[in-house]
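I am opening my notebook on this structure. The entries below follow the order in which I looked things up.

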Amino acid sequence: MPRIGVLVSGRGSNLQALLDAATANALGGAVAVVISNIEDAFALERARRASVPALFLDHRGRAREDFDREVAERLREHEVELICLAGFLRRLSAAFLAEFPGRVLNIHPSLLPAFPGLAAQRQALEYGAKVSGATVHLVDEGLDSGPVVLQEAVPVLESDTVESLSARILEVEHRLYPRAVRLLLEGGYRLEGRRFMLEGV
C-alpha cells in the first residue's frame with residue numbers, strides 16, 4: 001500500500017481527515033509518518049492515537065535547507081511516496097521539492113489563485129468576495145501557486161465572520177483532501193503545463 005508522510009504545525013484536523021479516510025480504506029494509501037516543527041502541536045497527538053510515528057523536528061536556529069534536509073531524510077526512512085502538508089506553516093525549499101517532484105500536496109482555504117498565503121478567509125471577507133472555497137494543489141516554489149488538483153466553492157454569506165466562514169470551508173477541506181490524495185496515488189492523471197488532467201476525461 002502506498003505510504004504517505006504528513007507535515008503539520010497545528011491542531012491537525014486535515015490530518016485527522018486523512019487518518020479517518022485511511023481507516024475506511026478510502027485514501028488509497030496509509031499514513032506512514034507525521035512530522036511537526038512545533039513540539040506541542042496537537043496533530044502529533046492525533047498521530048500517536050492512530051499508532052502512526054509522530055516526530056518533532058525543531059526548525060528554530062537552523063537554515064531552511066538544513067531543516068528541510070532532515071525532514072526529507074525522515075520521510076525517506078519511512079519510504080513515503082506522497083507528502084501532504086496539513087497546516088504546515090513553513091515554505092519548503094527548492095532542494096526539498098526537487099527530491100519529491102510532483103509528490104507534495106497542500107490544501108488551502110480559498111479558490112486559488114485568489115487569496116494565497118495566510119488568513120485567506122479574512123482576505124476573502126475584507127475583499128467582499130461572494131464565493132470562497134478550498135483548493136488542493138501540487139506544491140511548487142511559489143506561494144500557493146502550484147497546479148490545482150481539486151477545488152470546491154463555498155458561498156460567502158453576508159452574516160459571515162472569519163470564524164463561521166473558516167468553519168464551513170474546513171468541512172469542505174476534510175472532504176476534498178482525501179479525494180485528492182487518492183487521485184494522486186492512483187496515478188490516472190497528467191500535467192499539461194499548469195493543468196492537472198485526469199486520464200480519459
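I looked up aspartate 58 and found it partly exposed, at 24% relative accessibility; buried means under 20% relative accessible area, exposed over 50%, and partly exposed in between, with a 1.4 Å probe and protein chains only. Its salt-bridge partner is arginine 60, with the closest N and O atoms 2.8 Å apart. A salt bridge here is a side-chain nitrogen of Lys or Arg within 4 Å of a carboxyl oxygen of Asp or Glu. Arginine 60 is exposed, with a relative accessible area of 58%.

I noted the ground rules. This is a predicted model, in which local features need pLDDT of at least 70 and side-chain atom pairs count only at pLDDT 80 or more, while totals for chains, interfaces and linings use all residues. Residues are numbered from 1 along each chain as its sequence is written, and side-chain values use heavy atoms, with hydrogens and water left out.

I then searched the whole structure for salt bridges and got 14. One of them joins arginine 175 to glutamate 152, with the closest N and O atoms 2.4 Å apart. Arginine 175 lies in helix H6 and glutamate 152 in strand S7 (residues 148-155), so this pair ties together parts 23 residues apart in sequence. Helices (H or I, at least four residues) and strands (E, at least two) are DSSP runs, numbered from the N terminus. Arginine 175 is partly exposed at 43%, and glutamate 152 is partly exposed at 23%. I also checked asparagine 14: its C-alpha is 9.2 Å from that of arginine 175, although the two are 161 residues apart in sequence.

Next I looked at helix H3 (residues 64-77). Its 14 residues reach 20 Å from first C-alpha to last, close to the 20 Å expected at 1.5 Å a residue; the expected span is 1.5 Å times one less than the number of residues. Which residues of H3 are buried? They are Phe67, Asp68, Glu70, Val71, Ala72 and Leu75. Glu70 also belongs to a network of salt bridges with Arg62, Glu73, Arg74 and Glu77. Just after H3, glutamate 79 takes a positive phi of about 55°.

Last, I looked up the largest nonpolar core, which has 38 residues. Such a core is a set of buried Ala, Val, Leu, Ile, Met, Phe, Trp, Tyr and Cys residues joined through side-chain atoms within 4.5 Å. Val6, Val34, Leu105 and Val181 touch the most other members. Helix H6 (residues 162-186) gives the largest share, nine residues. A second, separate core of 18 residues includes Val71 and Ala72.
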